[in-house]
Amino acid sequence: MSEIFANIPVIPYEGPASKNPLAFKYYDADRVILGKKMSEHLPFAMAWWHNLGAAGTDMFGRDTADKSFGASEKGTMEHARAKVDAGFEFMKKVGIKYFCFHDVDLVPEADDIKVTNQRLDEISDYILEKMQGTDIKCLWGTANMFGNPRFMNGAGSSNSADVFCFAAAQVKKALDITVKLGGRGYVFWGGREGYETLLNTDVKFEQENIARLMHLAVDYGRSIGFTGDFYIEPKPKEPMKHQYDFDAATAIGFLRQYGLDKDFKMNIEANHATLAGHTFQHDLRISTINGMLGSIDANQGDTLLGWDTDEFPWSVYEATMCMYEVLKNGGLTGGFNFDSKNRRTSNTYEDMFHAYILGMDTFALGLIKAAALIEDGRLDQFVADRYASYKTGIGAKIRSGETTLEELAAYADQLGAPDLPGSGRQEYLESVVNQVLFS
Ligand code: XUL
Ligand code: CO
């Protein structure tokens with residue numbers, strides 16, 4: 001079979017001094033950081049939908065990129081197979097070991113779900129064939145339960161029981177394909193699980209039904225041998241005005257309320273966290289402290305725009321603070337999925353490679369710098385010292401639960417007025433981060 005990206009070589013690591021646009025400057029797969037290879041710290045994944053599907057169409061204009069990959073007509077099984085060929089050539093050339101997919105990224109959706117499912121069987125056989133002799137696997141799969149008009153009122157949250165059944169059918173098949181392709185996880189991103197107005201919405205009823213669909217998915221997944229994690233991917237808005245999985249804290253509360261917290265973890269997407277008014281690091285921290293960080297959708301938003309721009313991550317600050325959380329978490333059971341797309345004006349095959357080189361180098365730098373911050377130790381030491389008043393005396397009694405409100409009130413009485421609690425030293429700590437980043 002002829003090469004699709006014929007003028008693009010396997011991307012080498014050339015180091016920070018290189019000016020070769022088709023080389024990594026920081027991502028050196030075999031370099032060991034804190035006792036583990038970079039490639040193990042950073043299980044990167046290609047998002048099928050953006051990399052092989054998104055061709056630049058926006059609200060105001062048509063495709064600018066050619067993603068037919070040599071197929072004579074888009075939206076055909078010939079095109080689906082061409083995408084597989086392109087995807088595998090791409091992953092091998094950038095050195096990525098995982099991919100993520102929605103069911104309808106893999107094949108064109110037919111009117112009859114039975115036909116779509118036959119197509120999924122056929123394409124997953126072809127993907128399996130392509131996987132042979134490589135170490136490329138699925139990171140996670142998911143069902144697109146938001147594109148088809150039948151999901152206009154949601155999937156699990158739909159007012160229509162028939163639509164709920166269609167959602168169930170898609171989840172079942174997407175789980176089958178995920179397991180077949182060796183997937184480490186299965187994602188529920190809210191899609192249209194949310195609402196536009198409370199005037200027509202029974203929120204409690206809808207949330208109970210979403211939980212029901214998730215329980216059914218867990219039961220089925222376990223019955224076919226899926227041992228990985230299920231993930232919720234929080235997002236506060238878009239497409240719905242109110243998305244139920246607003247952020248990590250909301251999603252974790254939901255999972256606990258409905259008894260799903262043993263099977264589910266979070267898939268945190270940077271641009272979704274910032275849409276929720278948080279930093280990326282905030283939603284990661286909320287997940288890690290609850291033992292719920294599973295996987296990451298690596299991208300970034302634009303502070304000037306209020307929507308999900310899905311840009312390739314290039315902020316080394318964000319990537320560093322992300323990797324700081326990931327290292328403290330002892331890594332991920334999932335990976336780093338580039339849920340990112342080229343800008344509409346970056347419309348050549350070469351741009352696809354530049355984008356992944358940028359994303360992978362940004363996270364490699366983030367890893368190097370996060371490890372340096374941890375080894376430097378000043379941040380950790382400062383935080384430990386900041387809470388030192390709880391190590392002994394009354395503070396230790398509060399922590400161990402060996403006190404009463406009366407005892408604390410009596411203690412406060414003899415203090416008169418307490419000292420101020422000590423400077424937070426934010427500017428000093430920010431300068432420590434800069435020093436570690438730029439030295
Ligand atoms: C949408 C989004 C999705 C999920 C998978 O904002 O991030 O692509 O990652 O459904
Ligand atoms: Co995502």
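Helices (H or I, at least four residues) and strands (E, at least two) are DSSP runs, numbered from the N terminus. The model is predicted: local features need pLDDT of at least 70, side-chain atom pairs count only at pLDDT 80 or more, and totals for chains, interfaces and linings use all residues. Residues are numbered from 1 along each chain as its sequence is written, and side-chain values use heavy atoms, with hydrogens and water left out.

**Exercise 1. Find the helix that holds Ile 398, and say which surface patch Ile 398 belongs to.**

Step 1: Ile 398 sits in helix H14 (residues 393-400).

Step 2: With a relative accessible area of 38%, Ile 398 is partly exposed. Here buried means under 20% relative accessible area, exposed over 50%, and partly exposed in between (1.4 Å probe, protein chains only).

Step 3: Together with Val 383, Tyr 387 and Tyr 390, Ile 398 forms a nonpolar surface patch of about 370 Å² accessible area. Patches are made of residues with over 30% relative accessible area and no salt bridge; like charges are joined within 9 Å, nonpolar side chains (Val, Leu, Ile, Met, Phe, Trp, Tyr) within 5 Å. The areas come from the Shrake-Rupley method with a 1.4 Å probe, and for residues only the protein chains shown count as cover.

**Exercise 2. Work out which residues coordinate the cobalt ion (ligand 2), and why the arrangement is octahedral.**

Step 1: Glu 233 (OE), Glu 269 (OE), Asp 297 (OD) and Asp 339 (OD) coordinate the cobalt ion at 1.9 to 2.1 Å. Donors are N, O and S atoms within 2.8 Å of the metal (3.2 Å for Na, K and Ca); water is not among the atoms, so sites may look incomplete.

Step 2: The spacing of these donor residues in sequence is E-x35-E-x27-D-x41-D. Glu 233 lies in strand E8 (residues 229-233) and Asp 297 in strand E11 (residues 293-297), so this pair ties together parts that are 64 residues apart in sequence.

Step 3: Six donors count as octahedral if opposite donors are over 155 degrees apart and all others between 65 and 115. For six octahedral donors, the ideal angles are 90 or 180 degrees.

Step 4: Glu 233 is buried at 3% relative accessible area, and Asp 297 is buried at 0%.

**Exercise 3. Count the disulfides, and check where Cys 138 and Cys 322 stand.**

Step 1: A disulfide is a pair of cysteine sulfur atoms within 2.5 Å. By this rule the count is 0.

Step 2: For Cys 138, the nearest cysteine sulfur is that of Cys 100, 6.4 Å away. Cys 138 is buried, at 0% relative accessible area.

Step 3: For Cys 322, the closest cysteine sulfur is also in Cys 100, at 15 Å, too far for a bond. Cys 322 is buried, with a relative accessible area of 0%.

Technical notes: Chains are lettered from A and ligands numbered from 1 in the order in which they are written. A salt bridge is a side-chain nitrogen of Lys or Arg within 4 Å of a carboxyl oxygen of Asp or Glu. Four donors count as tetrahedral if all angles lie between 85 and 135 degrees; four count as square planar and six as octahedral if opposite donors are over 155 degrees apart and all others between 65 and 115; anything else is irregular.
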